[in-house]
Structure formats: structure tokens, C-alpha cells
Amino acid sequence: MPDLEFDIVDAAPVQYAQAPMLALRLTLSTVQPRQQIQSVILQYQVWIEPAGRQYDEQEQSLLLDIFGKPERWNRTVRSLLWTRNTILVPPFSDHRTVDLDVPCTYDLNVAVAKYFYALKDGTVPLRLMFSGTVFYVPEDSEDGNIQVGQIPLEQEAAYRFPVGIWQEMMERYYPNCHWLCLPRDVFDRFYRFKMQHALTTWEQVVEQLMPANAQEEKL
């Protein structure tokens, strides 16, 4: 079984995707030089490690819905699963770079979206866990027969993901706005309120119910 090394070298939005999507650029390398890999069925999980960075007071207040009050964070801050997926890696010798797709959402009912919404800048610590199947030709093979091996479960990679990439991507898909999902009965009440008050936009509905000059309750 060939030894493989995993390294995340970059991250960028996927161009022309129908919905927000990131690509984490992964380089797979063989420890043994000139080791011929026929293909890899690679399963990956992407985890956010919130305890790996600092948060200012504003960020702490926006993270209240996920982790609770800061004085409890030593018990409540846990890893967040971002996504899990599978990719087929083509044949390579020595190394191969592939893109790992990471679907994104602006739905603030989802913990990952809430987490990124709370952050102003800096980086987010990511931990990627790998498993899967490797099809390879042994170096000492005389007949070129392909053998099969399993990727050890302890294979991981770390990456500091820039918050600015997430912000720029969401601004591209949702310029100067935020996405809000409401239960049907709540939306019906909003809609009736909009018609009854002859309001033309949803911004006017929200302003009527929550004026901008209303005093906010301090968390």
C-alpha cells in the first residue's frame, strides 16, 4: 500500500456555480518516488475548529446562538462539520492536485452559515479527514497487475481558510443583502401584513415591524 500525503494549498470560489461553492485545492503526494497510482476513490470530511482562533466582543455576541455565553465556551465550543463528499482522483505519479468541492449556504438556520456571518476577518482553522480506496501498481510488480489498498483513517490535513473569501463569495451571490428562510405560517403572516399596509417591498415590512431607530436590547 503506497503512503500518501495530503496538503491543502489554496481555496477559491467555484466560478459560474449555480449556488455558492468553494473549492479547496488538495495536493496528494506519494512518499515513494515514481509510485504509480491508477486512481483514488477519496472520501473527505471538512470540519471547522472554532477553538483555534480568537474572537472580539462583537463576534462573541453574534456567536451566542451557536456557543452560548463566552463564559461557557470552554464547554460549548465544539467542532462543526461543514461537509462530507467523495471525489475520484485520476491516475498520477509522485503527485496530483484536485479540487474538493465544499457547498456553502447563506441560510442562517445552518450552524456553519451562522458561524461565518459572525466573523469580521482573519482565518478559520479547518481540519480535513480522509478515507477511501487506492488502486495502484506495486513498484516490484513484474506483470503490472493493479492492487487495492485502503487509506488509513488517521489521514488528515489542516488549513487556515481566509474569512474574506467567504465574504466576497456571498457578496457576489447576494449583493448587499442577506438570505432569510421562514416557516410557511410565519411568511404568510408577513405577507398579510404587507398587503394590509399597502407596502411595496419586504424592507418596508421589516422597517414597520422593527424601526431602525428602535433601541436594541443589550446581550
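The sulfur of Cys177 lies 15 Å from the closest cysteine sulfur, which belongs to Cys181, and this is too far for a bond, a disulfide being defined as a pair of cysteine sulfur atoms within 2.5 Å. Seen from Cys181, the closest cysteine sulfur is that of Cys177, at 15 Å, again too far for a bond. The structure accordingly holds zero disulfides. Cys177 is partly exposed, with a relative accessible area of 36%, and Cys181, at 35% relative accessibility, likewise counts as partly exposed; here buried means under 20% relative accessible area, exposed means over 50%, and partly exposed covers the values in between, for a 1.4 Å probe and protein chains only.

The model is predicted, so that local features need a pLDDT of at least 70 and side-chain atom pairs count only at pLDDT 80 or more, whereas totals for chains, interfaces and linings use all residues. Residues are numbered from 1 along each chain as its sequence is written, and side-chain values use heavy atoms, with hydrogens and water left out.

Three strands form an open sheet in the order β1-β2-β6, with antiparallel pairing; strands (E, at least two residues) and helices (H or I, at least four residues) are DSSP runs numbered from the N terminus, and two strands are taken to pair if DSSP finds at least two bridges between them. In general, the strands of a sheet pair through backbone hydrogen bonds, either parallel or antiparallel. The edge strands are β1 (4-13) and β6 (95-103), each of which pairs on one side only. From one strand to the next, the twist averages 25°, where axes are lines fitted to C-alpha atoms, for helices over the stretch in contact, and angles run from 0 to 180 degrees between N-to-C directions.

Between β1 and β2 (residues 21-30), the antiparallel pairing extends over nine bridges, and Glu5 stands opposite Ser29 in β2. Helix α5 (residues 163-173) lies across β1 and β2 and runs at about 45° to β1, contact being counted for heavy atoms within 4.5 Å.

Tyr16, with a phi of about 65°, lies in the loop between β1 and β2 and counts as exposed at 80% relative accessibility. Ala198, with a phi of about 55°, is found in the loop between α6 (184-196) and α7 (202-209), and this residue is also exposed, with a relative accessible area of 64%.
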